[in-house]
Amino acid sequence: MQHRFRHFAWRALASFSWASSRPSRLVASRPMGRGLAAALLGAVLAAVAPAAWASGTEQLKAFVSQVHSARGEFVQKEVKAPSKAQGGKPAMGGTSSGTFVFSRPGKFIWTYEKPYEQVLQADGENLYVYDKDLNQVTIRKLGGALGASPAAILFGSNDIEQNFTLRDAGVKGGIDWLELRPKSRDTQFERVGIGFKDGNLEAMELHDVFGNVTLLTFTNIQKNPPLKGDSFKFTVPKGADVING
C-alpha cells in the first residue's frame, strides 16, 4: 500500500520526465408609476451587480499573474483506468489529503498527512521527497523540467502557454474549467483539467497516458501570504537515508 501511495504521489505532482443579473422586464397595466419604478429599480440593480467572472482560461492567467504565493489544503483521489478484469469500469484508487504552500517560481512544499506522511519540497534548485515511514530522502535536480510538468501550473513561472495548449472546457457544477495539453511529447500526462470559481482555484484533474486520473480539490487557499525567506529550505531529518536520484 505504501509503495502504491508513493507512486501516485510522484505521478500526480513530481512527474518530471515528468443568467444575466438583469431582472426580467416587467409590464404593468396600472398604475403607470409602478412600471416606471420597476424599470428604474431594474436599472439600478443592473448597475451595481458584480461583473460576471471570466472564462476558465482567463481566470488561470489572472491567477498566475496575480498570485505569486499561496497556501491551502488539498484532497487527492485516484481513478484507475478501466480493465477487463473489472468489466471495463474505472475503479477508485487511494485517497490522500494534506497541505501545500508555494512561491513562484519553483518553490513549494506539498505535504501528505493522510493516510501516510510524505513531503515533496522544492527550493528552486532541488526537489526533495521525504518518506517519514522509511526515514528516507530522495533528491533530484529541479532543472528546467518543471515547465513541462503539471506542477508548473501551480508552482512554475507565468509562461504556461509556452509549455501547454489552453482550451476552455465549459462550466461543470458551477466551476469554470479549462483543459491544458502539454506541447512536449516527453511527458506521462495526456492532459490536465483545472477549475476556477469566482477567480479561486477549486480543482485539478490529471489524466495520464495510461488512462488513469488523479483528482485534486483545494480548500482554504490564502493568496500571497507573508512567507519567510527560508520557508522552502529543506533540512534532512536526523538519521534519514539520502538517495540522489
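This report walks through the fold, core, strand pairing, salt bridges and backbone geometry of a predicted model.

## Overall makeup

Let's start with the whole chain. The protein chain contains five helices and 12 strands. Of its 245 residues, 40% are buried. The accessible surface of the protein chain is about 13,800 Å², and carbon and sulfur atoms account for 53% of that area.

## The nonpolar cores

The largest nonpolar core is made of 34 residues, and those with the most contacts inside it are Leu60, Trp110, Leu180, Ile194, Met204 and Phe218. Apart from this core lies another one of 10 residues, including Ile109, Tyr130, Ile139 and Ala240.

Leaving aside residues up to four places away in sequence, isoleucine 194 touches Leu60, Ile153, Asp176, Trp177, Leu178, Leu180, Leu201, Ala203 and Met204.

Proline 150 sits in the loop between strand E6 (136-141) and helix H4 (151-155). Its relative accessible area is 3%, so proline 150 counts as buried. Proline 150 and methionine 204 are 54 residues apart in sequence, while their C-alpha atoms are 9.6 Å apart in space.

## Strand pairing around E1

Strand E1 (residues 69-80) has two partners to look at here, E2 and E11. With strand E2 (residues 91-103), E1 pairs in the antiparallel sense over 11 bridges. In this pairing, glycine 72 stands opposite phenylalanine 100 in E2.

Strand E11 (residues 213-223) also runs antiparallel to E1, and nine bridges join the two. Here alanine 70 stands opposite lysine 223 in E11.

## Salt bridges

Side chains of opposite charge can pair when their charged atoms come close. The structure holds six salt bridges. One of them is between the side chains of glutamate 161 and lysine 61, at 3.5 Å from N to O. Glutamate 161 belongs to helix H5 (residues 160-163) and lysine 61 to helix H3, so this pair ties together parts that are 100 residues apart in sequence. Glutamate 161 is partly exposed at 46% relative accessibility, and lysine 61 is partly exposed too, at 42%.

Glutamate 179 is buried, with a relative accessible area of 14%, whereas arginine 181 is partly exposed at 35%. Glutamate 179 also forms a salt bridge with arginine 191, where the closest N and O atoms are 3.6 Å apart. Arginine 191 lies in strand E9 (residues 189-197) and glutamate 179 in strand E8 (residues 175-182), so the pair ties together parts that are 12 residues apart in sequence. Arginine 191 is partly exposed, at 22% relative accessibility. Through shared partners, salt bridges join Arg167, Glu179, Arg181, Glu190 and Arg191 into one network.

## Backbone geometry to check

Most residues other than glycine have a negative phi, and most peptide bonds are trans. With that in mind, a few places in the backbone deserve a look. The peptide bond from arginine 104 to proline 105 is cis, with omega near -10°, and proline 105 lies in the loop between E2 and strand E3 (107-114). The peptide bond from lysine 114 to proline 115 is also cis, with omega near 0°. Proline 115 is in the loop between E3 and strand E4 (118-123).

Aspartate 198 is not a glycine, yet has a positive phi of about 55°. Aspartate 198 is placed in the loop between E9 and strand E10 (200-208) and is partly exposed, with a relative accessible area of 42%. Asparagine 220, also not a glycine, has a positive phi of about 50°. Asparagine 220 is found in strand E11, and its relative accessible area of 53% makes this residue exposed.

Notes
Residues are numbered from 1 along each chain as its sequence is written. This is a predicted model: local features need pLDDT of at least 70, side-chain atom pairs count only at pLDDT 80 or more; totals for chains, interfaces and linings use all residues. Side-chain values use heavy atoms; hydrogens and water are left out. A nonpolar core is a set of buried Ala, Val, Leu, Ile, Met, Phe, Trp, Tyr and Cys residues joined through side-chain atoms within 4.5 Å. Buried means under 20% relative accessible area, exposed over 50%, partly exposed in between (1.4 Å probe, protein chains only). Contact means heavy atoms within 4.5 Å. Helices (H or I, at least four residues) and strands (E, at least two) are DSSP runs, numbered from the N terminus. Accessible areas come from the Shrake-Rupley method with a 1.4 Å probe; for residues, only the protein chains shown count as cover. A salt bridge is a side-chain nitrogen of Lys or Arg within 4 Å of a carboxyl oxygen of Asp or Glu. Two strands pair if DSSP finds at least two bridges between them.
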